[in-house]
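My entries follow in the order I made them.

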Amino acid sequence: MTANTGAILERQRAFFSSGKTREHAFRVEQLRKLRDAIRSREDPVMEALKEDLGKPPFESYAGEIGILYLEIAHTLRHLNEWMKTRSVPTPILHFPSTSAIHWQPYGAALIIGPWNYPFQLILAPLVGAIAAGNCAVLKPSELAPRTSSTVAALVAETFPDDYIAAVEGGVEETREILRERFDTIFFTGGTAVGRIVMEAAAKHLTPVTLELGGKSPTIVDRDARLDCAARRIAWGKFFNAGQTCLAPDYLLVHRDVREPFLEEMTKTLRAFYGDDPRRSPDYARIINDRHFRRIAALMEEGRILHGGETDPGERYIAPTLIGNVTLEDLIMREEIFGPLLPVLSFTELDEAIDLVNRLPRPLALYLFSESAGRQERVLARTSSGGGCINDTISHVGSQELPFGGIGDSGMGAYHGRYSFEAFSQARGILKRSTRIDMPLRYPPYRGRISLLKRLFRILG
Ligand code: NAD
């Protein structure tokens with residue numbers, strides 16, 4: 001496997017050196033090829049996702065395929081403008097000069113994907129890599145094997161491997177791949193593996209973008225519109241059976257509205273999935289037995305308020321609300337990544353803020369409140385990669401917003417222009433005229449220090 005990736009990488013370096021990937025027309029052509037390749041495989045992709053995750057076709061299209069079309073279309077619309085060298089002012093000290101930022105592709109990128117959105121999360125970064133003029137090696141997740149082989153076939157049939165290649169494999173193979181010297185690494189996955197990736201990257205001083213997970217808090221304040229909040233929270237939480245990096249992880253509900261809100265949640269879940277969600281065609285399954293057991297064990301603490309049914313044979317876990325939870329319980333100590341929603345309560349908004357701040361900084365924060373002042377207060381006093389006010393997970397679908405984490409939930413961001421920048425080096429170039437050559441800066445310096453100080457005082 002290493003020899004294979006090593007050989008691919010060598011060919012990619014040679015191709016990158018040819019300068020071809022830097023041409024605007026080439027990038028546009030490749031993005032169109034990628035779009036067409038996805039378009040002609042929509043059915044096999046949805047079948048693969050059904051087999052790997054029991055994903056409802058609606059969720060496969062919305063969360064894995066449609067979102068890629070939007071990303072590619074947005075990139076095609078703006079690429080010309082993004083690629084333009086950007087002129088910036090030059091400090092007077094450097095007169096007569098001009099300054100500009102040139103967007104330089106890194107070279108060969110490694111993109112490693114997770115299993116929960118195994119199609120979208122390996123190809124969305126690729127859009128950025130192509131747009132910025134890089135070559136790329138993709139490593140899809142082995143835990144979604146049908147989708148992994150579908151991605152590998154799509155890549156092999158669409159691009160020559162000296163430009164873009166897919167290498168399949170699990171932990172051992174990924175470790176081997178990480179020994180190679182890439183020019184940038186884009187990783188999506190868990191925080192623990194993110195550390196392993198960063199350590200491997202450090203050996204070669206390779207820059208990394210880490211898109212990790214975490215516990216995204218969802219605050220429902222006293223003045224929230226409860227029916228709307230319940231629908232939007234239930235949708236964001238139980239989409240893909242809770243296996244979404246930025247799904248609401250736990251709820252913080254104002255005590256005054258806890259009971260009516262829980263009633264709305266129960267009503268909403270019945271309306272979404274019927275009395276037996278197992279029979280709903282719109283509800284996904286857990287990826288594998290290991291995760292099924294892990295999530296089922298999290299239900300052992302606290303009190304089930306709604307749901308709680310499981311079926312190991314189908315890897316089915318019902319949409320579940322859990323009360324009587326403390327911060328010491330396992331469910332509040334690790335990312336849930338499944339269809340369980342612990343419900344905690346607060347009386348003063350500051351209590352909710354303090355609780356959020358006691359846990360590692362999350363990928364997203366959601367707040368349901370009609371008050372601009374309280375919205376401001378929560379945003380000003382908390383920290384997260386991104387989030388929504390009066391909604392959940394929707395910010396991930398905007399090509400105008402940077403998507404990424406902070407602290408334990410990751411570093412760097414992508415989508416739209418931010419993807420282009422994630423795969424580019426912003427190369428600052430100062431261009432100086434040779435017509436004037438001020439002697440002040442050249443040695444011997446003797447006698448010039450006071451003049452220098454005066455100059456800096458005037459400029460500073
Ligand atoms: P993971 O970290 O287990 O695996 C991700 C990738 O890393 C896979 O391709 C896997 O083959 C590889 N890998 C696993 N163990 C490895 C090791 N020891 N050494 C080298 N490579 C290894 O993540 P996952 O279980 O596939 O995905 C779930 C996690 O990903 C959750 O924590 C979730 O929050 C996070 N996630 C984040 C985002 C985001 O955009 N921020 C999106 C989806 C998922």
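I found that the ligand takes up the space of the largest pocket. For "sits in", I required more than half of the molecule's atoms to lie within 2 Å of the grid points. A pocket here is an open set of points on a 1 Å grid over the protein atoms alone, where a 1.4 Å probe fits, with protein on both sides within 12 Å along at least five of seven lines; lining residues have an atom within 4 Å of a point.

**Ground rules.** This is a predicted model, in which local features need pLDDT of at least 70 and side-chain atom pairs count only at pLDDT 80 or more, while totals for chains, interfaces and linings use all residues. Residues are numbered from 1 along each chain as its sequence is written, and side-chain values use heavy atoms, with hydrogens and water left out.

**Shell.** I listed 26 residues around the ligand, with Gly113, Trp115, Glu142, Leu212 and Glu335 as the closest; a residue counts if one of its heavy atoms lies within 4 Å. By class, I noted 13 nonpolar, 8 polar and 5 charged residues in this shell. Gly is counted as polar, and Asp, Glu, Lys and Arg as charged. At least two shell residues come from each of helix H7 (171-178), strand S6 (184-188) and helix H8 (191-204). H7 gives the most, 3 residues. Helices (at least four residues) and strands (at least two) are DSSP runs numbered from the N terminus.

**Polar contacts.** I looked for pairs of N or O atoms within 3.5 Å. Glu142 puts a polar side-chain atom 2.6 Å from a ligand oxygen. Gly113 has a backbone N or O atom 2.7 Å from an oxygen of the ligand, and for Gly190 the backbone distance to a ligand oxygen is 2.8 Å. Alone, the ligand exposes 830 Å², of which the protein buries 91%; areas are Shrake-Rupley values with a 1.4 Å probe.

**Largest pocket.** I read a volume of about 1,100 Å³, taken as the space filled by probe spheres set on the points. It has 44 lining residues, and Gly189, Gly190, Thr191, Ala192 and Val193 are the closest to its centre. H8 gives the most to this lining, with 5 residues. The lining divides into 19 nonpolar, 13 polar and 12 charged residues.

**Second largest pocket.** Its volume is about 400 Å³. Among its 15 lining residues, Leu93, Arg432, Met438, Leu440 and Leu455 are the closest to the centre. Helix H15 (residues 449-459) supplies the largest share, 4 residues. I noted 11 nonpolar, 1 polar and 3 charged residues in this lining.

Technical notes:
A polar contact is a pair of N or O atoms within 3.5 Å; within protein, one must be able to donate a hydrogen and the other to accept it, and residues adjacent in sequence count only if both atoms are side-chain atoms.
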